[in-house]
Amino acid sequence: MSTSSGYISSTPSLEPSGTGSPVLEVDDLHVEFRVRSGVVHAVNGISYHVDQGETLAILGESGSGKSVSAQAIMGILDSPPAVITGGGIHFQGRDILTMTEEEQRQIRGPGIAMIFQDALSALNPVYSVGFQIGEMFRAHRGTSKKEAKQKAIELMDRVRIPAAARRVNDYPHQFSGGMRQRVMIAMALALDPRILIADEPTTALDVTVQAQVMDLLKDLQRDTGMGLILITHDLGVVNEVADRVAVMYAGRIVETGTVDEVFTRPAMPYTVGLMNSIPQVEAKGGRLKPIVGQPPNLARIPSGCPFHPRCPRARTGAAAAAGRDCVTDLPLLRVVTPGREAACHYSEEVLGG
Amino acid sequence: MTDQQQEDLRRDQVEAGTTTGLAAPTLDVTKDRQNSLWSDAWGQLKRNPLFWIGAFLGLFFALMALFPSVFARGADPRKCSLANSKQLPSAAHWMGYDQQGCDYLANVVYGARTSLAIGILSVLGVLILGVLVGALAGYYGGFADSLLARITDIFFALPLILGALILLRVGPSTGLPILSDRGVGAVAIALSVFGWMTAMRLVRSQVIAVKSSDYVAAARAMGASNFRILTRHILPNAVAPVLVFATITVGVLIAAEATLTYLGVGLQRPAISWGLQISSGQSLLRTAPHLVLFPSIILSLTVMAFIMLGDALRDALDPRQRS
Amino acid sequence: MGRYVARRLLLTIPVLIGASFLIFAMVYALPGDPIRALAGDRPLAPAVVAQLRAQFNLDDPLVIQYGKYVAGLTHLDLGTDFHQRPVLEIITDRLPVTVKLTVVAVLLEASIGLVAGVFAGIRRNGYFDNLVLVSTTLIISIPILVLAFVSQYVLGLKFGWFPIAGIQQGWYSYLLPGLVLASGSLAYVARLTRTSIAENMNADYVRTAKAKGLPRRTIIVRHTLRNSLIPVITFIGADVGALLGGAIVTEAVFNIPGIGRAVFDAVRGQEGAVVVGIVTLMVFFFIFFNLIVDVLYAVLDPRIRYD
């Protein structure tokens, strides 16, 4: 399949020729949830970009805002209670947030597509998988029902679902977990999106199936040159497939860089804690070091550095340098080494060991 | 788990010799969850206007049933004078007079006691039958369950009013105690006999769900008896849905009593009942509509009180329904 | 599926027998004498009593009586009333009236209930939603008896929009009783639809549909309504069975000569054969429509398979 979908070809400046500008750029995005008990600050000014053919992993514990930011990009936040209070989301140079409803809709699918964690609930139980895949062609290209089904079979073949032609009329519950996730992937890839957001795509699957699905995603990415945003809390998956990683904490990006650098030499105590919580083959017999304390309450984010209540290196009062008091001064994301950014007042010390 | 259940589980363990009685079982998480169910429910109820309307109406009619003479403004429902027949409402007699010239307000007010008595008695009957059959079927399963479920199906297929209608009609000729005297007891029995099926299904499904849970398995492993497990561990879990059901059903059964009485098989004169009042007012609908109107309104408000309370309880106790 | 339906049909037989036996026992077996009840205060000649007793098998043990009744059923002999009129004839005479009433009621219930529920559910907590919530609470709370009288008095007597009683004006005379009969179910359908839609609007697959870039209309109609209406349609299906047997009060108040009215008259007159015949028919309707609903469920929701 080529990348000449109706949407892409109608915008010639957006040919996937690698012009250097990122396909997707998130700029200082803010999202909050206004609920009865108060305001939950889910995303507090995050910025990142994804280039063609690149894989960006967004890493964080649940409640760190990683999924919310992805839903904001897809325009599928439940609103109310969610409100995007600031920032921009630029897809191929245009801000999605300023587009009309209809323009946004036309981007979902051919421009940006998404796969979800739980394919069983994410697929409609009362329609066959072929119908649901085919819907993409019918809604965006006006393909006939019959032709859409044919294309659905092709896609199911492409995501390596055995006997696709026979299974096209089956319903989601008749597939295994791994096969269902492949159906989701087939559906997301139907219109050759430039960006694929995968929100915990393998969390619900067995380990062996996880690897197969990730391999499939990698292969498909290589074929199509799409940018991949991988949202996960699985450090192993990040290590294997991602090019760059953005670590999120309390709705902020606290560290970014290439996977190799961030994993081997973290520049932020939270990332250090994450890395320490991975079981190491070499450190057999040793104890794992979990991060102490509770994840922050997003309705009452701690002052200063949101991580300070759990941070072993937090400094305050006389121990802190001027303007770098972890309890009162919010550390901003800053370049710590070339290509590396971290939000910590004392990154240099962290890097120094 | 409630405090009571937790306490019981501990006692089972101690009795079975599997614990010293000093080592506290670590069940705090479950306990918190159950506690929070009820305290969350109360928090939810407090904000629900339906609950307050229902509670106010319910209390109002309960007081009316307990102290009718106060609400009747001192009038005696049986002190009648044909000279006043069918008089329309006035400042002195808020609901006018009925055909026999009795003060209608007093009659309507005294009807509350009958209605509430039948509502509560028959719900008790429904609960006894439903909980008994449902708990047995759910707990023992197998053949007993199939048999009891079939019997429930049979009763379920008979409309409540129809079944009670037949039973009450043949009642007087049976010579059986209570059933043959066409009083409050007979109506309550008839409504119970044909109204227990939903309670049974509710309890049965709860029992089956809880039966397979870990803490019941634990209690059984520790040698607690069947009866003890059933009454101490399983049934308390069915309290929330049964409470909702019972509250709504009081309303439904009060309406059913009025209907049966209207159809001529329920309470008989000289009993005072809204159903009787509606029935005798029916033929005078053109000339004295207030005779049908007032008992109808009061009857509806009473039923509404219980249905609103039940609705509010369901919203509060079912976390799935919260938005 | 065919096997399932066959098995379910077989399973209905014990329920049908059980229910009719229950009624039969209540009517014939409880201590008391239907013949004396029939006669009222008038003394009957012993010979007449004996003849009546023999005709209605009253001297046999209950099980034998019931056996003879079932034997008659197999060739559609439901017995006769005390005036020698075949029960089957009474039923065929009265049933069309009740069927008409049920059709009107179900149409009203489905159309008004669905429309109200859909609009309330789509804009949950909006003005219309609250209106539906309040009005359904009111309707559910008002006993059908009261509703029948009030609507008869206001809409029939005061405004004169509808006939007060009887079926002289054809389908039009069924409108008001149908509405009264349907009122409770109508309110329930509205609520069920509302809850079901509101639940489905938050479902993951609706979010997926949005992420797929489907137009809003498609999302609502294809991915929200289609799924939400499954429980509603099955409720309405089962309700047909219940309405066919539940029209006693409505038919009594509006003086409609259907089977509800017939069974009521028969109960009052202790016409045992008529009561048992009609009630058995009602139970059959109830079970039959429940079976239809189960089959319908499997058709509407592919996750449900009966094998």
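Modeller: Before we start, helices here are DSSP runs of at least four residues and strands are runs of at least two, numbered from the N terminus. Keep in mind that this is a predicted model.

Biologist: What share of the residues in chain C is buried?

Modeller: For this one, a residue is buried if 20 or more other C-beta atoms lie within 10 Å of its own. Chain C has 307 residues, and the buried part comes to 44%.

Biologist: Which helix of chain C gives the most to the side that touches chain A?

Modeller: That contact pairs 17 residues of chain C with 22 residues of chain A. Helices H9 (204-211) and H10 (216-245) of chain C each bring at least two residues to it. The biggest giver, with six residues, is H9(C).

Biologist: And on the side of chain C that touches chain B, which helix has the largest share?

Modeller: Here 39 residues of chain C meet 35 residues of chain B. Several helices of chain C supply at least two residues each, among them H6 (127-141), H7 (144-158) and H13 (272-300). The largest share is eight residues, and it comes from H1(C).

Biologist: Let's look at helix H14 of chain B. How many of its residues are buried?

Modeller: H14(B) runs over residues 290-317, so at 1.5 Å a residue its expected span is 40 Å. Its first and last C-alpha atoms are 40 Å apart, close to that expectation. The helix is mostly covered, and of its 28 residues the buried ones number 21.

Biologist: Are H14(B) and H6(C) roughly parallel or oblique to each other?

Modeller: Their axes come within 8 Å and cross at roughly 125 degrees. Roughly parallel would need an angle under 35 degrees, and roughly antiparallel one over 145. The pair is therefore oblique.

Biologist: Which residues of H6(C) make the contact with H14(B)?

Modeller: The crossing of these two helices is right-handed. On the H14(B) side, the contact includes B:Ser300, B:Val303 and B:Ile307. An α-helix has 3.6 residues a turn, so residues three or four places apart point the same way. From H6(C) come C:Thr137, C:Ile140 and C:Ser141.

How values were computed: Residues numbered from 1 in each chain as written. Chains lettered and ligands numbered in written order. Predicted model: local features only at pLDDT ≥ 70, side-chain atom pairs only at ≥ 80, totals over all residues. Contact = placed C-beta atoms within 7 Å. Buried ≥ 20, exposed ≤ 12 C-beta atoms within 10 Å, placed from the backbone. Axes fitted to C-alpha atoms, helices over the stretch in contact; angles between N-to-C directions. Parallel < 35°, antiparallel > 145°, perpendicular 65-115°, else oblique. Left-handed = near helix turned anticlockwise from the far one by under 90°.
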